[in-house]
Amino acid sequence: MRIGIVGIGAVGRTLGTIWARAGHEVAFGSRDPVRATEAATGLAGARATTQEQAAAFGEVVLWTPRGVMPADPDMLAGKIVIDPNNREPGPGGGYASPRPQGPSFAEQLQAAAPRARVVKAFNTVVMRLLRENPERLSASGAQVFLAGDDAEAKTVAAALAADIGLGAVDLGGLESAWMAEAMADTFRQAMKTSPAGWRQALVFADLAERPS
């Protein structure tokens with residue numbers, strides 16, 4: 001499928017590179033044309049664009065600018081829009097924080113682009129681990145956690161996770177997106193305090209017994 005990457009930080013560039021290598025057409029959209037060109041170089045089916053062009057190109061759009069809403073509410077109309085954003089660390093660099101009083105980043109994006117099909121996903125995956133040791137990450141049984149109101153959009157997000165070698169856990173509707181963000185806070189706090197550091201993954205173990 002066609003995937004537009006809006007913003008080329010660690011998340012956008014890492015996921016866009018993997019999806020391009022998996023055979024998807026990927027547009028790397030940046031405000032800096034040099035960064036966009038660097039991201040697309042050497043990847044078959046990838047192209048360098050502006051952020052607006054990437055959003056227009058993609059059937060799926062990975063929206064990485066944290067807290068930045070689209071200037072035109074209709075630019076994402078009908079598109080599956082994946083929000084991977086997390087909150088900044090709190091005072092002292094820690095992540096121990098209560099439930100936010102306002103809406104999650106995914107809910108903010110949905111409100112700003114009401115005809116988009118927003119899914120919270122990929123916010124609990126360590127990009128450095130995904131770049132440096134993807135086989136070990138896949139072997140761990142790690143998953144992404146999905147929240148969204150559009151069932152097909154969540155199915156597509158789960159398929160894109162499978163391209164990376166990750167499973168998917170459905171948290172329910174978009175009102176659950178804050179839980180994924182709080183989960184990321186907890187996970188990042190563990191990375192900060194654990195000797196394992198960033199070499200960790202979240203795994204939701206399904207221990208249910210099923211009929212044979």
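This is a predicted model: local features need pLDDT of at least 70, side-chain atom pairs count only at pLDDT 80 or more; totals for chains, interfaces and linings use all residues.
**Entry 1: ground rules**

Residues are numbered from 1 along each chain as its sequence is written, and side-chain values use heavy atoms, with hydrogens and water left out.

I looked up Val11, which lies in helix H1. Helices here are DSSP runs of H or I with at least four residues, strands are runs of E with at least two, and both are numbered from the N terminus. Is Val11 buried, exposed or partly exposed? Its relative accessible area is 23%, so I write down partly exposed. Contact means heavy atoms within 4.5 Å. Leaving out residues up to four places away in sequence, Val11 touches Leu62, Thr64, Pro84 and Met127.

Thr14 counts as buried because its relative accessibility is 6%. Its side chain reaches the backbone oxygen of Ala10 at 2.6 Å. That is a polar contact: a pair of N or O atoms within 3.5 Å, where within protein one must be able to donate a hydrogen and the other to accept it, and residues adjacent in sequence count only if both atoms are side-chain atoms. Beyond four places in sequence, Thr14 touches Met127, Leu130 and Arg131.

**Entry 2: the cores**

Next I went looking for nonpolar cores. A nonpolar core is a set of buried Ala, Val, Leu, Ile, Met, Phe, Trp, Tyr and Cys residues joined through side-chain atoms within 4.5 Å. Which members of the largest core touch the most other members? Among its 40 residues, they are Trp19, Phe28 and Phe122. Helix H7 (residues 151–164) gives the largest share of this core, six residues. A second, separate core has 18 residues, including Val6, Phe57, Ala106 and Val118.

**Entry 3: Trp19 and Phe122**

I counted aromatic pairs and got one. The rule takes rings of Phe, Tyr and Trp (its six-membered ring) with centres within 6.5 Å; planes under 30 degrees apart are stacked, over 60 edge-to-face, and the rest tilted. The pair is Trp19 with Phe122, edge-to-face, at 5.6 Å centre to centre and 75 degrees between the planes. It links distant parts of the chain, with Trp19 in helix H1 (residues 10–21) and Phe122 in the loop between strand S6 (117–120) and helix H5 (127–132), 103 residues apart. Other contacts of Trp19, skipping neighbours within four places in sequence, include Ile3, Leu62 and Leu160.

Phe122 has 2% relative accessibility, so it counts as buried. I also spotted that Phe122 has a positive phi of about 70 degrees although it is not a glycine. I flag that because most residues other than glycine have a negative phi.

**Entry 4: Leu76**

I found Leu76 in the loop between strand S4 (60–63) and strand S5 (80–83). Its relative accessible area is 0%, so I log Leu76 as buried. Which residues does Leu76 touch beyond four places in sequence? They are Ala55, Val61, Trp63, Pro70, Val81, Leu109, Ala113, Arg115 and Ala116.

In helix H2 (residues 33–40), the buried residues are Ala36, Ala39 and Ala40. They line one face of H2, because seen down the axis they fall within an arc of 90 degrees. The arc is that of the directions from the helix axis to the C-beta atoms. Their cover includes H1, strand S2 (25–29) and strand S3 (46–49). At the start of H2, a side-chain oxygen of Asp32 comes within 3.0 Å of the backbone nitrogen of Val34. Just after H2, Gly42 takes a positive phi of about 85 degrees.

Then I did helix H4 (residues 105–112), where Phe105, Ala106, Leu109 and Gln110 are buried. Their arc is 135 degrees, so these residues also line one face of their helix. The cover over them includes S4, S5, S6 and helix H8 (177–193).

Conventions. Buried means under 20% relative accessible area, exposed over 50%, partly exposed in between (1.4 Å probe, protein chains only).
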